[in-house]
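This report describes selected features of one protein model. Please keep the structure in view while reading.

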Amino acid sequence: MKKIISLIAVLAVLASCSRGDRGQLVGAQGKKWNPEKPYGMTLIPGGAFIMGKADDDIADMKNAPPKTVTVRTFYMDETEITNAEYQQFTNWVRDSIVRMKLAIEADFTGATPGDGGIGEYAFLDADPDNMSVYEKYMYDNYTQYSENYEGRKLNNDIDIIWDTRDYPDEAYTRIMVDSIYLPIEESYNGQRVIDVKQLKFKYRYMDIGQAARARDQKRSDFIKTEEVMVYPDTTVWIRDFNYSYNEPMHNDYFWHTAFDDYPVVGVSWEQAKAFTQWRTLHHNAYRRQKGTHDVPSYRLPTEAEWEYAARGGLESATYPWGGPYTKNDRGCFMANFKPLRGDYAADQALYTVEAKSYEPNDYNLYNMAGNVAEWVHSSYDPASYEYMSSMNPTVNNDDDPRKVVRGGSWKDVSYFLQVSTRDYEYADTARSYIGFRTVQDYLGTDVTLNQPPR
């Protein structure tokens, strides 16, 4: 018995030594977190500001009374999301869906990688509980078609063949022609056009705010699934304007490389939100491969965050550059909007301009006034300033389809360029003058206006 007790004591001492904590409370040791500024973003130091109209409400909207609020530190895109950046999203969704359809067809025909042709795209065996973020996304999407694909994953190591001359076999051709592209009778001028209605992004999220306020309900009750068509509505260039020739913008604006650096438009609030989900998934997939922490989610800014960032640290300013005028001391317009009763060219732009145009504000943010108006996450309520919190305020009502739009656009008069002006559009509506930019929460030591980052 004494030998057993002595052995237990020795093992206890050895176990204590192996932990390295000497029996003290040192806290659980995890991987060290180092804040990393996301590419294309700038740090907005948290602080307090007077939100709302600082001067006369010339439109008599009475929806933005002055209110002192405080927002936490966050990162924000320096520019509006561009066509090229949004194309990265639509291309990812497109390629994922093509791979899924090819894999299903290979499974249906019994083809395997050893058979060549479409067999190269056949499902691979996988453990659903040990998949990467990318594989998990695809698993959630293709298992909706059949339970037979459980425990399978897509082969991403082989490139998709787009050139019709290189299609490897009849099964591959059948999928590309019949499932991916529009029928021959809907094509013209020899163009083969992808059926954009196929490009849907499906994601799941948990409504944490609703879950936190609920009682005696399961976590699964607050996990929601959304499926969104991701391709921009290019017809907005025609439908937004009657008796106006805008066909060239409809035909070329989104996909032609000449417009790569221009802000994406024709995107609804629902599509903008889906983009933020994909951007988070895409970034974390890379980080998990490197064995590092997930990053905080990308998201649309709250209305308070947007106005705080747009002011650029200038208290009670009318515009991001201060004001009260829309021209600088050399007589040049400071933003892209509609001056002089329809003389769109007076500000050196007819429609939109490159996302990094004009001078940035003091937070290095471009076009926080003009160019395209921007979706924010908050729902629109004319009275929301009266009851919202003064700490990180936001009003989000899932039952209210009206979402706040800020900043004014290339087709708006200067009133809508004011940092305090509020406007709204319906969440499922796309416009030729509305785009968006994203934000990400900052984790780490407080960074405020009173103590700038070192």
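A residue is called buried under 20% relative accessible area, exposed over 50%, and partly exposed in between (1.4 Å probe, protein chains only). Because its relative accessibility is 32%, Arg 174 counts as partly exposed. This is a predicted model, in which local features need pLDDT of at least 70, side-chain atom pairs count only at pLDDT 80 or more, and totals for chains, interfaces and linings use all residues. Residues are numbered from 1 along each chain as its sequence is written, and side-chain values use heavy atoms, with hydrogens and water left out.

Arg 174 lies in helix α4 (residues 170-180); helices are DSSP runs of H or I with at least four residues, strands are runs of E with at least two, and both are numbered from the N terminus.

| Pair | Kind | Distance |
|---|---|---|
| Arg 174 and Leu 102 | C-alpha atoms | 9.7 Å |
| Arg 174 and Glu 105 | side chains, polar contact | 2.6 Å |

A polar contact is a pair of N or O atoms within 3.5 Å; within protein, one must be able to donate a hydrogen and the other to accept it, and residues adjacent in sequence count only if both atoms are side-chain atoms.

Four strands form an open sheet in the order β1-β4-β14-β9, with antiparallel pairing; two strands pair if DSSP finds at least two bridges between them. At the edges stand β1 (41-44) and β9 (298-299), each pairing on one side only. Four bridges link β1 to β4 (residues 74-77) in the antiparallel sense, and Leu 43 stands opposite Tyr 75 in β4.
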